[in-house]
Amino acid sequence: MSSQIDHLLTETRRFAPPSSFAAAAVGTAELYERAAADRVGFWSDQARELLHWHTPFTETLDWSNPPFAKWFADGELNVAYNCLDRHVEAGAGDRVALLWEGENGDERRITYAELTAEVKRVANVLEGLGVGQGDRVAIYLPMIPEAIASMLAIARIGAIHSVVFGGFSADSLRSRIDDAGAKVVITADGGYRKGKVSSLKPAVDQALADRNGSGVQDTVDHVLVVRRGGNDVAWTEGRDLWWHDVVPAASDHHEAQAFPAENPLFILYTSGTTGKPKGIMHTSGGYLTQAMFTNKVVHDIHPETDVFWCTADIGWITGHSYVTYGPLANGATQVLYEGTPDTPHPGRWWEIIQKYGVSIFYTAPTAIRSFMKLGREIPQKFDLSSIRLLGSVGEPINPEAWMWYRKVIGGKAAPIVDTWWQTETGAIMISALPGVTETKPGSAQVAIPGVSIEVVDDDGVHVGNGNGGLLVVTEPWPSMLRGIWGDPDRFVETYWEKFSAQNYYFAGDGARLDDDGDVWLLGRVDDVMNVSGHRLSTAEIESALVGNEAVAEAAVVGASDETTGQAVAAFVIIKQSYLAAHSPDGLAQSLRAWVGEQIGPIARPRDVYIVEELPKTRSGKIMRRLLRDVAEGREVGDTTTLADTAVMSVISAQVR
Ligand code: PRX
């Protein structure tokens with residue numbers, strides 16, 4: 001890691017925005033000046049200029065009870081109205097909102113007027129099912145237009161959505177439905193993935209299966225099912241409803257009511273350092289202000305002319321802020337693609353860019369690195385000349401991948417914005433402004449206007465240029481999480497206790513400032529892994545592993561991986577009775593599959609090492625650092641604090 005950092009910090013290439021780009025850019029240097037002069041006033045201006053308020057707010061920020069912030073608290077708005085109706089009322093009803101491409105080649109073009117009408121119908125259906133302000137609705141859908149319509153319909157009636165990524169297992173879905181106490185689940189029979197229909201409804205059925213004796217109260221009254229895959233599904237009369245039976249029949253008259261700015265908008269579960277995922281809670285006015293603002297100035301959205309494409313699934317925060325809320329609040333036209341990048345051929349993404357004339361493209365370094373591996377011949381078969389801006393999100397982008405992205409996808413001209421943020425921050429926090437900043441391959445660079453970032457040491461003291469430390473946010477920001485669903489103590493402990501004296505938000509990332517004061521992200525400093533830009537917790541995977549009857553003990557680490565950034569490496573101790581009866585290879589295979597079933601395929605370990613012991617300190621804490629050395633094929637580091645210093649040579653020998 002340290003040699004990689006040194007390499008990063010000697011990176012001297014600089015790329016100024018093309019002058020034609022800078023001249024037309026939405027985000028200007030003046031924004032930094034306005035925000036520096038009056039940060040809170042700056043956000044108040046943005047909220048007023050960008051959004052429609054049914055009731056204007058009089059107070060911008062209430063930070064009287066940190067870390068519990070309130071933004072625009074006495075204002076009222078309707079989030080869906082801001083994403084839909086107002087564009088139609090302003091005469092943009094015929095503008096295309098969604099250019100949808102199914103993996104199997106199906107296509108739908110949906111205008112703002114059509115999407116608004118659909119959302120009104122869904123809002124009426126949900127209200128008819130008894131869903132109202134503050135109720136939770138779970139969404140478990142593929143990337144189809146109904147997913148976005150569902151999120152907006154829930155927002156429209158002041159309810160709270162909890163989107164669960166379609167790749168999560170029935171168990172993961174169940175724990176999220178239960179934690180939020182969802183009243184309705186919106187799902188599909190299935191969706192297209194990797195060339196075939198992958199079912200979804202059976203996982204919902206399993207998640208909701210009879211809970212007699214489990215102690216968990218079943219809160220779900222209805223399951224609304226979109227027909228997409230055409231696969232057969234089981235049906236529970238009275239509970240299950242087909243979307244095509246109820247939505248088209250509903251009225252498309254629905255007046256958007258005003259809700260308080262701090263009305264919760266959504267819960268999104270993410271991995272933390274313990275086994276239980278946290279329900280990150282976001283509210284309405286502040287979230288929408290920053291999602292829209294950053295999409296506008298960082299992605300440089302010109303709604304009349306641009307075609308935007310963010311490749312994230314709506315199951316992640318990137319899909320919330322830069323598929324649903326940011327682009328639609330801006331009135332942009334965007335591509336929505338259902339499937340995987342390499343189906344039916346490895347050039348599918350580039351073909352989509354060519355077909356729809358995508359001008360702004362936002363994706364993750366992992367995808368870029370896997371395309372690099374396949375070779376530039378594939379993208380070069382397509383006309384990518386419509387691209388004028390590229391974005392990166394989710395994990396550090398290495399300079400080599402950055403340069404490839406620029407040359408091969410960006411035609412050596414398109415600026416690249418490397419955007420750092422988190423589920424918790426709700427929207428982009430650190431990024432170049434593409435018409436202003438001279439970019440550096442590998443650095444996310446500067447806080448956006450109105451956001452205050454620092455790199456500090458363990459005591460919260462600023463490290464200064466040229467030094468490394470922990471990344472913190474020093475002032476509240478509009479799209480900050482407002483809490484962890486049902487667990488205010490965990491919210492305070494996880495993010496605010498470490499620097500409670502200063503009221504700094506602790507992000508969990510290591511970072512370094514270069515001599516210009518630009519930020520270089522160095523990865524997580526806690527037990528959270530980042531695999532292909534997805535957050536996974538070591539504890540969650542360990543608890544899945546020990547839940548298998550063959551496993552006595554397990555330790556999981558994130559090992560660096562050329563393509564996925566990090567990969568899951570598991571060290572497991574198998575119970576004697578199983579060791580005798582099964583081959584190690586067979587056990588490793590079945591444990592990989594087991595984790596996939598328990599959590600979801602993204603959590604499946606790349607490596608499962610069967611060992612006899614795990615390295616522990618005298619107090620019994622597993623030393624993951626040493627296991628990481630083994631998984632990354634390095635010389636094992638300092639073992640002097642181990643209870644038994646010989647254990648690492650045994651493990652190394654077994655792994656080899
Ligand atoms: O470690 C950072 C990394 O992703 C984490 C947040 O993950 P998640 O909540 O799933 O949100 C991902 C999409 C916003 C961060 O703590 N991360 C995100 N963006 C970057 C990044 N690391 C380096 N550079 C980035 N641009």
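D300 sits in the loop between α12 (285-298) and β16 (307-310). Helices and strands are DSSP runs numbered from the N terminus, with helices being H or I of at least four residues and strands E of at least two. The phi angle of D300 is near 50°, a positive value in a residue other than glycine.

The structure is a predicted model, in which local features need pLDDT of at least 70, side-chain atom pairs count only at pLDDT 80 or more, and totals for chains, interfaces and linings use all residues. Residue numbers start from 1 along each chain as its sequence is written. The model scores ipTM 1.00 and pTM 0.94. The protein averages a pLDDT of 95, where pLDDT is the predictor's confidence in each residue, from 0 to 100. A score of at least 70 is reached by 98% of the residues. Confidence in the protein is lowest in helix α1 (residues 2-9), with a mean of 56. Confidence is highest in helix α5 (residues 79-83), at 99.

Two cis peptide bonds were examined. The bond from P66 to P67 is cis, with omega near 5°. P67 belongs to the loop between β1 (61-65) and β2 (68-71). The bond from T343 to P344 is also cis, with omega near 0°. P344 is placed in the loop between β17 (333-337) and α14 (348-356).

UniProt annotations were then placed on the model. Positions follow the numbering used here, feature names are shortened, and annotations may be inferred rather than shown by experiment. An unreviewed UniProt entry lists R193, K194, G195, K196, T318 and S532 under "binding site". These residues span 340 residues in sequence, and their farthest two C-alpha atoms are 25.5 Å apart, so they do not all gather at one spot. G195 is found in the loop between β9 (190-193) and β10 (196-199). For residues 29-83, UniProt lists "domain: Acetyl-coenzyme A synthetase N-terminal" (unreviewed entry). Over residues 29-83 the chain is 47% helix and 20% strand. The end C-alpha atoms of this stretch are 27 Å apart.

Axes are lines fitted to C-alpha atoms, for helices over the stretch in contact, and angles run from 0 to 180 degrees between N-to-C directions. Helix α6 (residues 85-92) and helix α7 (residues 112-128) pack at about 145°, with axes 9 Å apart. The contact is made by D85, H87, V88 and A92 of α6 and Y112, A113 and T116 of α7. Two residues are in contact if their C-beta atoms, placed from the backbone, lie within 7 Å. The residues of this contact divide into four nonpolar, two polar and one charged.

Helix α19 (residues 538-546) and helix α21 (residues 584-598) cross at roughly 115°, and their axes come within 9 Å. I541, A544 and L545 of α19 meet L591, V595 and Q598 of α21. By class, the contact of α19 with α21 has five nonpolar, one polar and no charged residues.

Definitions and conventions:
Nonpolar A, V, L, I, M, F, W, Y, C, P; charged D, E, K, R; others polar.
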